[in-house]
Amino acid sequence: MTLKLITSATTEPVDLATAKAHCRVIHSSEDSLMAVYIAAATSALDGPTGLLGKALVTQTWEYVLDSFPSEWIELPLPPLQSVTTI
């Protein structure tokens, strides 16, 4: 069984404006630092090695099984948006 990232996320799950509003930051002097915090949190939570074990934003993954299972296929990284091929 292998899981391979084909297309990574193009956006963060939380944009800078939302994060600043949540933290009640009204100036832009620490925008770069806030962006680093958003990226660090995303990295800690997102994907197969993240704490949530989920895809936080749209990504394309390839999931290959060694053989077809006899009962069901448990798909990683919910929520699933679509399946291209089986």
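In this predicted model, the side chain of glutamine 59 reaches a polar contact with the side chain of tryptophan 61, at 2.8 Å. Glutamine 59 itself sits in the loop that links helix H2 (31-45) to strand S2 (60-64). Its relative accessibility is 16%, so glutamine 59 counts as buried, the cut-off for that label being under 20%. Setting aside the neighbours within four places in sequence, glutamine 59 is also in contact with Leu5, Thr7, Ser8, Ala9 and Asp46.

As a rule, most residues other than glycine have a negative phi, and most peptide bonds are trans. Arginine 24 goes against the phi part of that picture, with a positive value near 55° even though arginine 24 is not a glycine. This residue is found in the loop between helix H1 (16-22) and H2. Arginine 24 has a relative accessibility of 74%, so it counts as exposed, a label that takes over 50%.

Leucine 77 has a positive phi as well, about 60°, and it is not a glycine either. Leucine 77 belongs to the segment after S2. With a relative accessibility of 10%, leucine 77 counts as buried, whereas arginine 24 counts as exposed.

The segment after S2 also holds proline 79.

Conventions: Residues are numbered from 1 along each chain as its sequence is written. This is a predicted model: local features need pLDDT of at least 70, side-chain atom pairs count only at pLDDT 80 or more; totals for chains, interfaces and linings use all residues. Side-chain values use heavy atoms; hydrogens and water are left out. Helices (H or I, at least four residues) and strands (E, at least two) are DSSP runs, numbered from the N terminus. Buried means under 20% relative accessible area, exposed over 50%, partly exposed in between (1.4 Å probe, protein chains only). A polar contact is a pair of N or O atoms within 3.5 Å; within protein, one must be able to donate a hydrogen and the other to accept it, and residues adjacent in sequence count only if both atoms are side-chain atoms. Contact means heavy atoms within 4.5 Å.
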